[in-house]
Amino acid sequence: MKAFGFRPKLYTALKNYSKELFMADLMAGIIVGIVALPLAIAFGIASGVSPEKGIITAIIAGFIISLMGGSKVQIGGPTGAFIVIIYGIIQQYGESGLLSPH
């Protein structure tokens, strides 16, 4: 009986990883970054914070998404649906309201 059955996709994907796969993943990452980073800047501004905070959030979220799983063909990144929610929280509670429950 396994005590902990969850294994992130990254763990299983690295077993048969090669230089060719790395180069393909690198190119895909660059392309996604070209699209996602300006989008993260725009989402930061639209949410009422500085552009840098949008970039930082996208980078941290990207690492968490990559670490926790998904699939080889899944792209994780910022989504516009949260702008209205985040903007409302920041307007009512300030930036600290995003991290602390009220």
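Visitor: How many salt bridges does a search of the whole structure find?

Guide: The model is a predicted one. The side chains of Glu95 and Lys53 meet in a salt bridge, at 2.5 Å from N to O. A search of the whole structure finds one salt bridge.

Visitor: How many residues apart in sequence are the parts that the pair of Glu95 and Lys53 ties together?

Guide: Glu95 is partly exposed, with a relative accessible area of 38%, and Lys53 is partly exposed at 35%. Lys53 belongs to helix H3 and Glu95 to the segment after H4, so the parts tied together by this pair are 42 residues apart in sequence.

Visitor: Against which helices do the buried residues of H2 pack?

Guide: The buried residues of H2 are Ala36, Ala40, Phe43 and Gly44. They pack against helix H3 (51-68) and helix H4 (83-93).

Visitor: Is Leu26 buried or partly exposed, and at what relative accessibility?

Guide: Leu26 is in helix H2. Together with Leu14, Tyr17, Phe22, Met23, Ile30, Ile34 and Val35, Leu26 forms a nonpolar patch on the surface, with about 760 Å² of accessible area together. Buried means under 20% relative accessible area and exposed over 50%, so Leu26 counts as partly exposed, at 39%.

Note on methods. Residues numbered from 1 in each chain as written. Predicted model: local features only at pLDDT ≥ 70, side-chain atom pairs only at ≥ 80, totals over all residues. Heavy atoms only, no water. Buried < 20%, exposed > 50% of the residue type's maximum accessible area, 1.4 Å probe, protein only. Helix = DSSP H or I, 4+ residues; strand = E, 2+ residues; numbered from the N terminus. Contact = heavy atoms within 4.5 Å. Patch = residues over 30% accessible without salt bridge, like charges linked within 9 Å, V, L, I, M, F, W, Y side chains within 5 Å. Areas by Shrake-Rupley, 256 points an atom, 1.4 Å probe, with all protein chains shown as cover. Salt bridge = Lys/Arg side-chain N within 4 Å of Asp/Glu carboxyl O.
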